[in-house]
Amino acid sequence: MQQNIVRTREVTKVYRMGKVEVHALKGVDLEIRAGEYISIMGPSGSGKTTLFNMVGGLDKPTSGKVYIEEVDVAQLDAYELAWLRCRKIGYIFQTFNIIPVMTALENVTLPMVFAGLTTDEARDKGVALLTKVGLGDRVSHKPFELSGGQQQRVAIARAMANDPSLILADEPTGNLDIKTGTEIIELLQQLNKEQGVTIISATHDHKMLSASDRIVWIRDGKIDRIEERSDVKIEVGTIEGEA
Amino acid sequence: MKQREAALPHNAQARIGKQIMLPWSKAIEIAFKSIRVRFWRSMITMSSIILAIAFLMSIWTSTAITAGLDLGPQRELESLKQRLAVVRRAMRGGAGAPSKAQVEQQYARDLAAARARKERAIYAKQQAIKTATSDEAKRLTAEVEALKADLEAAKSLALLESYLLDRRRETEAVKGRLDTILQQERVKGDAAAATGEAPQAQPEAAPAAKAQAGSGGIGTFLSYMTPTDKWLAVLALLVCFVGIVNAMFMTVQERFREIGTMKCLGALDAFIVKIFLVESTALGFIGTLAGILIGVVLSTLRQWLVYGSPTFSYLPLGSLGFAALMAAIVGLVLSAGAAILPARSAARMEPVEAMRIEE
């Protein structure tokens, strides 16, 4: 269980904005173990989102290496990258990104369809996943018939569709009220504990910290510090009291 | 469905499979859902192809009808003239047609054959009388008498006369058709002169004439297109093409996030292209059909107001079908072609880019 699921080596990323070069990441070494719940924290412009996209295989580094399950992401062709995104990684977004033309169930089964499951298999698995996230009675609802929290639950079920080993959550509570946000965090925590799925989330939300095993603080394109859960015990108490 | 393993056996890379390409049916399913949900948006995209194809089709229809009105009676006239010439030659016994002597010989042969047949029948019946009962014998004897009467020489002359009468009737009929056509020609000339006034005289056209006007050289009407017509048609298609490209780019723009999400879930670029191609082609197909219908109906009505019922007498169905087929091909190629660029640009986007755009 102590195997690294994600490993970065000297990762840098340079964006070109006209003639100006922006160094978003300036050499990041990070190791994330399988089964961990990690939060990446940092002010906007710190390179937090860039790092997050790197470890999710959504962006390629300017220099350095990113390994997902010890596989160098830069070496993968389009088909292998799509395979990786489909089966190994589940994505959860701040804006939910539920596909509006599809029902909750169709959204959840889409990654399974991409993975080549038959319609029947996908439907059964999809219903089971939706039930697990507490939406068993809203299987055939369209996204506009669902609240923000419910949409995010659909997104979580969709992220779990192909039993990924890694879930990337980009500000998953950013568009939700405190209560719903807490519920979503609890759901993620439950998946982390029960299924052993690694969760990496980029967040501003301090409620998130209580759930995390480790918190990676990013500042100015570098890792500022990494805190273990034990270091933030006090905060846990206060947050849980509020919720 | 199997997944192929990457060809790097001694490396960790080997554990990564290659994503499979999804069948067209899935792309079609998603594309149609998307059309249904964004119905009015799709209708606007479709309206541009409807308008362009309706325009193209109305130009072709009016040209084909004009050509039909011009060519139809001309062809009919030609064929009648030929027929008349043949009949005249036959009457005079000229070259290329049977002479009177030949006709009489032929008739004599036919007569001899008929005579032989009847003589055989008489013989058969006489044989039958021998074994028949008295009632049957009476009936058979009467039949034999009737057959014998047919063989009298006086009847043969009557038959030859009726043959000549038939030829004469045919000549009269041809002359009658010629008059009708000349009258129609005059009506058409009057209508053109009277700028749009519907003519009163509506000579009846034989079905055979209609068929002749429609058949043979269904594409000839294209040569009746004026340079202005051609220029307008090309312009309409260009505007339509740009319109569809624009509409598809907007559709893609609206769906950046959806595309990015799909790519995050494991969709391949080619699959995204398929979805947009199917969507555009489906809209193009329906739009083209509607456009063809609208173009033909409106243009035919207009021509009918100008030329009156000869419009329908000489309706060049073959040419119209040919024009519709061409318009359908143009419409489909146009709508599919216009989608390729936007679809490719959508598919090539990195998922991160697609996600970032909305803010």
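**Close-up views of a predicted two-chain model**

**Figure 1. A:Asp163 lies in the loop between helix H5 (148–159) and strand S7 (166–170) of chain A.** The model shown here and in the views that follow is predicted. The backbone of A:Asp163 has a phi near 45°, a positive value in a residue other than glycine.

**Figure 2. The loop between strand S6 (89–92) and H3 of chain A holds A:Thr103.** A:Phe96 is placed in the loop between S6 and H3 of chain A. Its phi is near 65°, which is positive although the residue is not glycine. With a relative accessible area of 9%, A:Phe96 is buried. A:Thr103 has a relative accessibility of 14% and therefore counts as buried, the limit being under 20%. Which residues is A:Thr103 in contact with, neighbours within four places in sequence left aside? They are A:Val139, A:Ser140, A:His141 and A:Lys142.

**Figure 3. Strand S3 (residues 37–41) of chain A is largely enclosed by the rest of the structure, because five of its five residues are buried.** The burial extends to both faces of S3(A). One side carries A:Tyr37, A:Ser39 and A:Met41, and the other carries A:Ile38 and A:Ile40, all of them buried. S3(A) pairs in the parallel sense with strand S8 (residues 198–203) of chain A, over five bridges. A parallel pairing over four bridges also links S3(A) to strand S9 (residues 214–219) of chain A. A:Ile40 takes part in both pairings: its bridge partner in S8(A) is A:Ala202, and its bridge partner in S9(A) is A:Val216. Strands of a sheet pair through backbone hydrogen bonds, either parallel or antiparallel.

**Figure 4. Four strands of chain A form an open sheet with antiparallel pairing, in the order S2-S1-S4-S5.** Strand S2 (20–33) and S5 of chain A stand at the edges. Each of these two has a single partner strand, so one side of each is left without a neighbour in the sheet. Strand S1 (residues 4–17) of chain A runs antiparallel to S2(A), and eleven bridges join the two. One of the residues involved is A:Lys13, whose bridge partner in S2(A) is A:Leu25.

**Figure 5. The contact between the chains takes 36 residues from chain A and 35 residues from chain B.** In chain A, the residues that lose the most area to chain B are A:Trp83, A:Val101 and A:Phe114, which together account for 23% of what that side buries. The area buried between chain A and chain B is about 3,300 Å², and carbon and sulfur atoms give 63% of it.

**Figure 6. One salt bridge is counted between chain A and chain B.** Which side chains meet in a salt bridge? They are those of A:Glu106 and B:Lys33, with an N to O distance of 2.8 Å. The count of residue pairs in polar contact between chain A and chain B is four, with both residues at pLDDT 80 or more. On the side of chain A that touches chain B, the elements giving two or more residues are strand S5 (71–72), helix H2 (78–87) and helix H3 (104–114) of chain A. H2(A) provides the largest share of this side, nine residues. By residue class, the side of chain A that touches chain B divides into 21 nonpolar, five polar and ten charged residues.

**Figure 7. Chain A and chain B are shown with their secondary structure: eight helices and ten strands in chain A, and twelve helices and zero strands in chain B.** Along its sequence, chain B follows the pattern α-α-α-α-α-α-α-α-α-α-α-α. Of the 243 residues in chain A, 58% are buried. In chain B, 41% of the 359 residues count as buried. Among contacts with a separation of 6 or more, residues 24 or more positions apart account for 70% in chain A. The corresponding share in chain B is 83%.

Conventions: Residues are numbered from 1 along each chain as its sequence is written. Chains are lettered from A and ligands numbered from 1 in the order in which they are written. Side-chain values use heavy atoms; hydrogens and water are left out. Contact means heavy atoms within 4.5 Å. Buried area is the accessible area (1.4 Å probe) that two parts lose on being put together, summed over both. A salt bridge is a side-chain nitrogen of Lys or Arg within 4 Å of a carboxyl oxygen of Asp or Glu. A polar contact is a pair of N or O atoms within 3.5 Å; within protein, one must be able to donate a hydrogen and the other to accept it, and residues adjacent in sequence count only if both atoms are side-chain atoms. Ala, Val, Leu, Ile, Met, Phe, Trp, Tyr, Cys and Pro count as nonpolar, Asp, Glu, Lys and Arg as charged, and the others, Gly among them, as polar. Two strands pair if DSSP finds at least two bridges between them. Buried means under 20% relative accessible area, exposed over 50%, partly exposed in between (1.4 Å probe, protein chains only).
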